[in-house]
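Please keep the displayed model at hand while going through the numbered points.

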Amino acid sequence: VRKNNVKLMGLKNPIIAMYPLSYYSIFFIKRIKLILMVCDPVGRLERRFMTHHYCHHEDMEAAIERRDISKFRDLRDCDKSMMAVLQRHRRSWLQLERIGTHLLELIKLFGHERLLIVHAASIRDHPAETYGHVVRWLGLRPFPTDSQSFKRMNFRRGHRTDLCRNQSLQASLKRVLTREYSALRFALQWQWLMLKQPTALREVESRITRCDIPEE
């Protein structure tokens, strides 16, 4: 994308925000900005569990083709239920998957000028408005009025694991992820000055997951 005859380039990397060495390195390159996509902590954990540890009760090759399984995964690493997340052998994995402390550190480092936090609920319910804000924040021209509708990427409706069939498991995970919800709430309130996301804030405060949304 060009701005004043200068080419702006972007890099998509879903794990930069989880590694301090990565985002501290980026911090020292002053012209780089970060757009951080966040989502419901329980749904995010389910997605990660699905791709890396869940036993898919079907053809594994078909699951890989749908990107339900990471192609780099050891298929012998297989749990039949997300209940495993709360068991001893997954505790270290659960701790590594937490992003709340990194989120707060990114806010301190980059500030409003270099960090934009966008919740998936805003993309889901208000795509044109949200993407419009993103391009304005980058200092780019707005999208053409006749541009195509914005599509959601990297998501799948329906049952991904056994999570949405188990209400007690959902409740337990929400309790375990209390600090994640608190960090996310703080981040959305901090971002409010630059980008208001009322739907996202309501869902975070109420701990609404994809299991609570029929369309999902």
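1. The S-S bond of Cys-164 and Cys-211 has a torsion of about -80°, so the disulfide is left-handed. The ends of this link are Cys-164, in the loop between helix 7 (127-137) and helix 8 (167-176), and Cys-211, in the segment after helix 10 (198-206), so parts 47 residues apart in sequence are tied together. Helices (H or I, at least four residues) and strands (E, at least two) are DSSP runs, numbered from the N terminus.

2. The model is predicted: local features need pLDDT of at least 70 and side-chain atom pairs pLDDT 80 or more, while totals for chains, interfaces and linings use all residues. Residues are numbered from 1 along each chain as its sequence is written, and side-chain values use heavy atoms, without hydrogens and water.

3. A disulfide is a pair of cysteine sulfur atoms within 2.5 Å. By this rule there is one disulfide, and its S to S distance, between Cys-164 and Cys-211, is 2.0 Å. The sulfur of Cys-39 is 13 Å from the closest cysteine sulfur, that of Cys-211, which is too far for a bond.

4. Buried means under 20% relative accessible area, exposed over 50%, and partly exposed in between (1.4 Å probe, protein chains only). Cys-164 is partly exposed at 22%, Cys-211 is partly exposed at 22%, and Cys-39 is partly exposed at 29%.

5. Helix 5 (residues 100-114) has a kink of about 60° centred on Lys-108; the bend at a residue is the angle between axes fitted to the seven residues ending there and the seven starting there. Buried residues of helix 5 include Leu-103, Leu-106, Ile-107 and Phe-110.
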